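Open the structure and keep the sequence beside it.

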Amino acid sequence: MTPLIAGNWKMHGTLAEAVALAQAVRAGVAGADLLVCPPAPHLASVVQALVGAAVAVGGQDCHAAAKGAHTGDVSAPMLRDAGASHVILGHSERRADHGETDAVVRAKVEAAIAAGLVPVACVGETEAQRLAGEAESVVAAQLDASLPDGFADAGGVVAYEPVWAIGTGLSPTEGDIAAIHALMRRVLAARFGEGGTRLLYGGSVKPGNARAILALPHVDGALVGGASLVAADFLAIAAAAVAGRTPGG
Ligand code: PGA
């Protein structure tokens, strides 16, 4: 499976910085699919900056409704109209800052699919849940309740992001990542059948740890926050993903 390296730019950067970052990743990396998710006001300009490049553009969230009286929100059809092909949904910062439940995330994933967007649905345990030995049950329950039935057919992507590893410089052991990804593969296969759902790992992925993480079984790419704001780091992570898959590379 071609690795997918997705950059989550979060709430960073001016419009000029977003366009410059997009231009700096335009060249891409042979053998990897790249996706960048800028803040909503910058999205159309980033799409413009990437015309003709093999770099997809996504939103960071969308509302569950296609339109309506929802001040401050952005709908999935609006993202599509602005040139997005993907949308991150259920990121732990949305779940924590905006109280998004699995049911809310599921409704948003449905809206994304209906609008023709590829959802990148995020799951992951908190530190307390991991310490309590609940990481696997939490992730399985989140997958169960956050993904609608049409998820796999729509080419949906799942990102495992342990909450305690996001932006902290901490990351789980390779064994822990491999165990959760194997679990996710089993859960998805049981529900949707064996298929090509890409499973990303996210949480403090950097050029230095990317190759080892991305070479793990069932890790089909990465969702990158901080390091995606530096074009050279983002591209180095993508190159590491490709190198980790090339025999002898
Ligand atoms: P990080 O963020 O790479 O800065 O840890 C990952 C994410 O939140 O998607």
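**From a loop to the ligand**

Ser-204 sits in the loop that links strand S7 (198–202) to helix H9 (207–214). Helices (H or I, at least four residues) and strands (E, at least two) are DSSP runs, numbered from the N terminus. This is a predicted model, where local features need pLDDT of at least 70, side-chain atom pairs count only at pLDDT 80 or more, and totals for chains, interfaces and linings use all residues. Residues are numbered from 1 along each chain as its sequence is written, and side-chain values use heavy atoms, leaving out hydrogens and water.

Look at the backbone of Ser-204. Its phi is near 55°, a positive value in a residue other than glycine. Most residues other than glycine have a negative phi. Lys-10 also has a positive phi, near 50°. Lys-10 lies in the loop between strand S1 (4–8) and helix H1 (15–25).

Which residues come nearest to the ligand? Of the 13 around it, they are Lys-10, His-91, Glu-161, Gly-167 and Ser-204. Here, near means a heavy atom within 4 Å. The shell divides into 4 nonpolar, 7 polar and 2 charged residues. Ala, Val, Leu, Ile, Met, Phe, Trp, Tyr, Cys and Pro count as nonpolar; Asp, Glu, Lys and Arg as charged; the others, Gly among them, as polar.

Now zoom in on the ligand's oxygen atoms. A polar backbone atom of Ser-204 is 2.7 Å from a ligand oxygen. A backbone N or O atom of Gly-225 lies 2.8 Å from an oxygen of the ligand. For Gly-226, such a backbone atom also lies 2.8 Å from a ligand oxygen. Taken alone, the ligand exposes 290 Å², and the protein buries 97% of that (Shrake-Rupley method, 1.4 Å probe).

Finally, turn to helix H7 (residues 135–146) and helix H8 (residues 174–192). Their axes, lines fitted to C-alpha atoms over the stretch in contact, come within 10 Å and cross at roughly 35°. The contact of H7 with H8 has 9 nonpolar, no polar and 4 charged residues.

Terms used: Axes are lines fitted to C-alpha atoms, for helices over the stretch in contact, and angles run from 0 to 180 degrees between N-to-C directions. A polar contact is a pair of N or O atoms within 3.5 Å; within protein, one must be able to donate a hydrogen and the other to accept it, and residues adjacent in sequence count only if both atoms are side-chain atoms.
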